[in-house]
Amino acid sequence: MALLPGPAALVHEWFTPRSVGGAELVVQQLDALLERPQLAALVDGESSRSASWLADRSILTSFVQRLPWGVSHVQQYLPLLPLAIEQLDLSGYPLVLSSSHLVAKGVLTSPDQCHLSYVHTPVRYAWDQMHAYLRQSALARRGLSPLIRWQLHRLRQWDVLSAQRPDALIANSRFTAARIRRYWGRSATVVHPPVAVERFRWDQPRDDVYLCLCRLVPYKRVDLVVQAFNATGLPLVVIGDGPERQRLAALAGANVQLLGRLPQQEVNSWLARCRAYVYAGLEDFGIAPVEAMASGAPVIGLGQGGLLDSVRCISTGCAQPTGLLFADQTPAALVAALERFEQQRLWSQLPAESLRQWAERFSPQRFRQRMGAVIDQAWNRHQRLQAERGCVLSVPLG
């Protein structure tokens, strides 16, 4: 990376014990790349936890930190979050990186600062998934739908406005880059997020059971997976917890096991021995499918969204295929894919070692290399623009 003239700042929406997903993996890697920058967030519930990777770190926070239940339930203050992120004072940092899935990209910077934003997604429930969100919202069902719609309308306006602030945008997939182009009218460089592939074993004997691993929330469409396996009678194990669990348990046939949330070691064991990993949700990128491939498991997934970046479909005749993608988000489409996978014994054409080799393209080391190059390019461009501004100002007036 280019030598910076001063310290860098790294902004994330929130640091809480509940937030341990792909966005947090990105922040950890950016923190290592920038060599412990100044961290900033709306709220911080991690630096005081001795078990956290953020233990004893200095983290700038917003006024939401001091509000009742602000740390534990920061999203309940959604209408205040755009205002809150704008109150963070980052004026002393020449380089600002934001990791954004909601408001982090909206921090205020000056023309003398270089601001890059790694975008995990334009906020789903304000844009293309608004209607699905409203159908599931308990508050909307209680007659507050007009108020929620108005708040989301205002959030969209601020979202577009704040998306113009960073000097450059980085997207976690081509799908996210397309959504950025559609909603914000900007282009974005694609850098896939890091996946800790080294944690997984790929060389274990495999069983005939299929695996679905994710949070049990509506947009993951685990109900579609369960329906398809009910129809085929193939053995399925579902790992994860969430508001959909009770409904899925009532839907599941005798061939479907719902194991709930399991320790990471047990999750890794299932990934290492399943016949294939099955996923039917529309993801911006999708960490779990890459973890499955790192474990030597083929992926049977929806051929839309971020999976088009991570899974190489055997139907296309490409080199080094890693799974089978189905086109439509329906039980019938998944049933057809499962039947083909079984009848043609496609797992025998998808060797575990080859899947692991492909997954290593998404390693943390590769991520840091790509992000380092993007930061260098943006910083050099920023310096050139600064020099040009200086030349203009030095021209005598009159």
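Me: Which strands does helix α11 (residues 331–343) lie across?
Reply: Helix α11 lies across β8, β11, β12 (299–302) and β13. Helix α11 runs at about 155° to β13. This is a predicted model: local features need pLDDT of at least 70, side-chain atom pairs count only at pLDDT 80 or more, and totals for chains, interfaces and linings use all residues. Residues are numbered from 1 along each chain as its sequence is written, and side-chain values use heavy atoms, with hydrogens and water left out.

Me: How are helices, strands and angles defined?
Reply: Helices (H or I, at least four residues) and strands (E, at least two) are DSSP runs, numbered from the N terminus. Axes are lines fitted to C-alpha atoms, for helices over the stretch in contact; angles run from 0 to 180 degrees between N-to-C directions. Contact means heavy atoms within 4.5 Å. Now try helix α8 (residues 264–273). Helix α8 lies across β8 (210–213), β9, β10 and β11 (276–279), at about 140° to β8.

Me: In what order do the six strands of the open sheet come?
Reply: Two strands pair if DSSP finds at least two bridges between them. Here the order is β10-β9-β8-β11-β12-β13, with parallel pairing. β10 (256–260) and β13 (323–326) each have a single partner strand, so one side of each lacks a neighbour in the sheet. From one strand to the next, the twist averages 25°.

Me: How many bridges join strand β9 (residues 236–239) to β10?
Reply: Four, and the two strands run parallel. Leu236, for instance, has Val256 in β10 as its bridge partner.

Me: What is the order of the seven strands in the other open sheet?
Reply: Read β3-β2-β1-β4-β5-β6-β7, again paired in parallel. β3 (59–61) and β7 (189–190) are the edge strands, pairing on one side only. Three bridges link strand β2 (residues 38–44) with β3. Ile59 in β3 is the bridge partner of Leu39. Helix α1 (residues 22–33) packs on this sheet and touches β1 (8–15), β2, β4 (95–100) and β5 (114–119). Its direction makes about 160° with that of β1. Helix α5 (residues 174–184) lies across β5, β6 (168–171) and β7, at about 140° to β6.

Me: Is Ser310 buried or exposed?
Reply: Buried means under 20% relative accessible area, exposed over 50%, partly exposed in between (1.4 Å probe, protein chains only). Ser310 has 0%, so Ser310 is buried. Ser310 sits in helix α10 (residues 307–310). Beyond neighbours within four places in sequence, its contacts are Phe285, Val290, Met293, Thr322, Trp358 and Phe362. Compare Leu147 in helix α4 (residues 138–162). Leu147 has 47%, so Leu147 is partly exposed.

Me: How many salt bridges does the structure hold?
Reply: Side chains of opposite charge can pair when their charged atoms come close. A salt bridge is a side-chain nitrogen of Lys or Arg within 4 Å of a carboxyl oxygen of Asp or Glu. The structure holds 18. One joins Arg273 and Asp207 (3.3 Å, N to O). Arg273 lies in helix α8 and Asp207 in the loop between β7 and β8, so the pair ties together parts 66 residues apart in sequence. Arg273 is partly exposed at 23%, and Asp207 is partly exposed at 35%.

Me: What about Asp223 and Arg221?
Reply: Their side chains meet in a salt bridge (3.0 Å, N to O). Asp223 is buried at 9%, whereas Arg221 is partly exposed at 26%. Elsewhere, salt bridges with shared partners join Arg124, Asp128, Arg179 and Asp284 into one network.
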